[in-house]
Amino acid sequence: MSDRATELETRVAFQDKTIQELNEVVTRQQGEIDRLVRDMEALKVQVRSLSSYPVASRDDETPPPHY
């Protein structure tokens with residue numbers, strides 16, 4: 001009976017350690033996801049500002065002289 005209790009205590013300790021390691025991984029990944037979302041939002045703002053760049057649309061441009 002004592003061996004069985006020792007084995008169960010060992011398993012619980014191992015599982016606690018594994019859970020802690022997994023929690024650290026998930027926490028780090030969530031931080032990375034949050035950073036990537038912020039970066040993507042910043043890129044969206046930049047792309048939207050490029051759409052107002054003063055370049056004529058393809059329909060408004062006249063064909064080159066060799067046409």
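Let's start with the charged side chains: five salt bridges turn up in this structure, which is a predicted model. Side chains of opposite charge can pair when their charged atoms come close.

Of its 67 residues, 0% are buried. The accessible surface amounts to about 6,800 Å², and carbon and sulfur atoms account for 58% of that.

Now to the pairs themselves. Arg 28 bridges to Glu 32, with 3.9 Å between the closest N and O atoms; this counts as a salt bridge because the cut-off is within 4 Å. Both residues sit in helix 1, which covers residues 2-50, and they are four residues apart, about one turn of the helix. Glu 32 has a relative accessible area of 38%, so it is partly exposed.

Further along we meet Arg 35 and Asp 39, whose side chains join in a salt bridge at 3.3 Å, N to O. They too belong to helix 1, with a spacing of four residues, or about one turn. Asp 39 is partly exposed at 38% relative accessibility, and Arg 35 is partly exposed at 40%.

The last stop is Glu 41 with Lys 44, a salt bridge in which the closest N and O atoms lie 3.5 Å apart. Here the two residues are three apart in helix 1, so about one helical turn separates them. Lys 44 is partly exposed, with 34% relative accessibility, and Glu 41 is partly exposed as well, at 36%.

Technical notes: Residues numbered from 1 in each chain as written. Predicted model: local features only at pLDDT ≥ 70, side-chain atom pairs only at ≥ 80, totals over all residues. Heavy atoms only, no water. Buried < 20%, exposed > 50% of the residue type's maximum accessible area, 1.4 Å probe, protein only. Areas by Shrake-Rupley, 256 points an atom, 1.4 Å probe, with all protein chains shown as cover.
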